[in-house]
Amino acid sequence: MDRDGTASEASPEGLAEAPEAAGRVFGDRLPMAVRYTELLATAGVQRGLIGPREVPRLWDRHVLNCAVLAELLPAEVSLCDVGSGAGLPGIPVALARPDVSVTLLEPLLRRTTFLEEVVRELGLDNVTVLRGRAEEMIGKLAVDVVTARAVAPLDRLAGWGMPLLRPYGQMLALKGDTAEQELTDSRAALTRLGAVKWSVIGVGEGVLETQTRVVRVEAGESPGGVKAATRRAKAARAGRGGKGAEGAGRRGGAGRGRR
């Protein structure tokens, strides 16, 4: 897909072939994962969503690194990828787990445009693209799982993501080597935001040379804390809440937000 949205047949320069592990992760959806990786290496680089130096390591460092998050997901849950950017981790998770309903939440128009094109080209019927900011979605969007990668420090990310969870949902943040320290620094904030349990987990054993490190934060009955509960109740009274992800966007399309 070039800047005008048309597909490019040329093999992206520097992009490695799909590793053998990709077949185990994506199964019969491997051709879709290959095409997504090609789109990251071409249109994603051209539009500034992926650095050109990342192309040779897209599979291990980005696509598979995100896809293994699927190991932590129960069956048939709803998931929101906050600050989705180029679709990481949301699209690899959606490819690996077609039973999971994924919302890609992203405020920037150029990014949601790319995401819409990817979802349309790949025919991902379990993915919705929604344009907006997480704080605007409280009371409009409710999911079982919130994910994020390279968006913000954990305490700030939790302030955005936890209010979007249903009671007893979980936030999964890809954090790398900083996971333990960020978790230590964020415990007071997590408690205020209604978290009842947290841990650092490694996923991707046997798939990745170095496992993906994930901070898992489990919510109680009031995710996001008192302020979020108040906003959800206000939205419900106004007739705008209670619809969950299915009422917040459209498949392969973007909701309206600020430019």
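Close-up 1. The model shown here is a predicted one, and in it Asp177 sits in the loop that runs between strand E5, residues 165–174, and helix H7, residues 179–192.

**Close-up 2. Asp177 and Arg213.** Although Asp177 and Arg213 are 36 residues apart along the chain, their C-alpha atoms are separated by 7.4 Å in the model. Of this pair, Asp177 belongs to the loop between strand E5 and helix H7.

Close-up 3. Arg231 is placed in helix H8, which covers residues 225–237. With a relative accessible area of 42%, Arg231 is classed as partly exposed, because that class takes in the values between 20% and 50%.

Close-up 4. The secondary structure of the protein chain consists of eight helices and eight strands, and buried residues make up 54% of its 259 residues. Among the contacts in the protein chain with a separation of 6 or more, 72% are accounted for by residues 24 or more positions apart. The chain exposes about 12000 Å², of which carbon and sulfur atoms supply 48%.

Conventions
Residues numbered from 1 in each chain as written. Predicted model: local features only at pLDDT ≥ 70, side-chain atom pairs only at ≥ 80, totals over all residues. Heavy atoms only, no water. Helix = DSSP H or I, 4+ residues; strand = E, 2+ residues; numbered from the N terminus. Buried < 20%, exposed > 50% of the residue type's maximum accessible area, 1.4 Å probe, protein only. Contact = heavy atoms within 4.5 Å. Areas by Shrake-Rupley, 256 points an atom, 1.4 Å probe, with all protein chains shown as cover.
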